[in-house]
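Dear colleague,

Please find the structure below, handed over for your records.

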Amino acid sequence: MDFETISYLSCEGKLSSHAPDIPSTILLKAYRVLMITRLVDERMITLQRQGTISFSLSSVGEEVCAVASAAALEFADWMYPQYREAGVMFWRGFTIQEFLHQMFGNAEDLILGRQMPNHFGSRALNVVQVSSPIGTKIPHAAGCAYAMKLQKEPTVAICYFGEGATSEGDFHVGVNFAAVRKAPAIFFCRNNGYAISTPVSRQFASDGVAPKAIGYGIPGFRVDGNDFFAVYAIVKKARQHCLEGKGPVLIEAMTYRMGAHSTSDDPSLYRLDQEVETWKTKCPILRLRRYLTLQGLWNDKKEKELIEEISNEISSAIAKAKDTALPDLTSLIEHVYFEVPEELKKQLREIKECGGSPCLS
Ligand SMILES: Cc1ncc(C[n+]2csc(CCOP(=O)(O)OP(=O)(O)O)c2C)c(N)n1
Ligand SMILES: [Mg+2]
């Protein structure tokens, strides 16, 4: 079984005649969101190295997977991102400031620092909170999609995960359940070559992820994850398939993790610089910029202004996040129980009496 990689946009920014027609308003918004995602990621790594934040995960080199797929969906569709889908948040309107508060886990963070950095989510934006255990969102998204089907809602659920997640039992459980129940779910796998230090050659014996769809009796597609047009087109097609009641779709987006897995990782220990250099030439943002430039929709002046504007916004968001207090100690025991148990209230009183623990003061 040969799974070709669907691709329309060349690295030089030339578009094939089979490419979908995407309005320039969407392309220009997407370019802006891609640049926000890239510039925020770069600054977060610097902040972590300076000791200002504890940790960060970046999506450098993979941004188009999140942004093009989000652009192809409707706002009412439910999103289940992993930690490399910051672009989904920015596409849906999460502000740089909101993102920064989450990275700092301060009192303005929507979840009051109860999660790690990059574990974003927003009820208002229909994006379910990221959680660390890999693959656990796959059955959740399947269940959510099945509920939509039962309620006859004209919406879909999309679940994002890396190729490493496909080795988890949750992948099988979720995709199989959705397939059997014909739930309107899009399973979007970013195949970025690595699960921390484990390369794909040690992840599965199959020819990647897309062929696994055959075993579940659903359509599977392999797409160039660095090509905005291809990702957009395939996700639109998958959505249509779901809404026609035909069940879920599995998408494997071929991309590359340009940076380290996280700020706690050193990729030089397990991969060659040459590999990274080769992928630099396939940068998804550069490719879209070249296309926009060839169309007369973009130029160096606009690029410079955009970078300046976003960089300034990031700087003021960092300053504000730094100035914002940490969450109140009470948040340690709130919002978990309907009625807070006496024992926990007692423990909180004790912490407050001794001035809070060193890490909370
Ligand atoms: C169940 C589980 N096992 C292990 C980990 C540790 N861990 C965090 S990220 C990661 C790699 C995930 O790789 P992949 O799914 O390919 O996503 P990527 O980071 O490449 O985007 C691992 C093993 C975890 N968070 N959860
Ligand atoms: Mg991976």
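This is a predicted model: local features need pLDDT of at least 70, side-chain atom pairs count only at pLDDT 80 or more; totals for chains, interfaces and linings use all residues.

The centres of domain 1 and domain 2, taken over C-alpha atoms, are separated by 36 Å. Domain 1 covers residues 5-326 and domain 2 covers residues 328-361; these bounds come from an automatic or database domain assignment.

Residues are numbered from 1 along each chain as its sequence is written, chains are lettered from A and ligands numbered from 1 in the order in which they are written, and side-chain values use heavy atoms, with hydrogens and water left out.

Salt bridges

A search of the whole structure finds 16 salt bridges, a salt bridge being a side-chain nitrogen of Lys or Arg within 4 Å of a carboxyl oxygen of Asp or Glu. Side chains of opposite charge can pair when their charged atoms come close. One of the pairs joins Lys246 to Glu244, with 2.7 Å between the closest N and O atoms. Lys246 is partly exposed at 46% relative accessibility, and Glu244 is partly exposed at 43%. (Buried means under 20% relative accessible area, exposed over 50%, and partly exposed in between, with a 1.4 Å probe and protein chains only.)

Asp265 and Arg257 also form a salt bridge, their closest N and O atoms being 3.6 Å apart; Asp265 and Arg257 are both buried.

In helix α12 (residues 342-353), Glu350 and Lys346 are four residues apart, so about one helical turn separates them. Their side chains meet in a salt bridge of 4.0 Å, N to O. Glu350 is partly exposed at 42%, as is Lys346 at 39%. Helices here are DSSP runs (H or I, at least four residues), numbered from the N terminus.

Beyond these pairs, a network of salt bridges links Glu62, Arg84, Glu85 and Arg190.

A covered helix and a charged patch

Helix α2 (residues 63-72) is mostly covered, with ten of its ten residues buried. Among them are Glu63, Cys65, Ser69 and Ala72.

Lys149, Lys152, Arg181 and Lys182 form a positive surface patch. Patches are made of residues with over 30% relative accessible area and no salt bridge, like charges being joined within 9 Å and nonpolar side chains (Val, Leu, Ile, Met, Phe, Trp, Tyr) within 5 Å. Lys and Arg count as positive and Asp and Glu as negative, with His and the chain ends not counted.

Backbone angles

Most residues other than glycine have a negative phi, and most peptide bonds are trans. Asn118, which is not a glycine, has a positive phi of about 70°. Asn118 is found in the loop between α4 (96-104) and α5 (137-150) and is buried, with a relative accessible area of 1%. Asn126 is found in the loop between α4 and α5, and its phi is positive, near 60°. The relative accessible area of Asn126 is 18%, and Asn126 therefore counts as buried.

With kind regards

Key. Accessible areas come from the Shrake-Rupley method with a 1.4 Å probe; for residues, only the protein chains shown count as cover. The place of a charge is taken as NZ of Lys, CZ of Arg, CG of Asp or CD of Glu. Helices (H or I, at least four residues) and strands (E, at least two) are DSSP runs, numbered from the N terminus.
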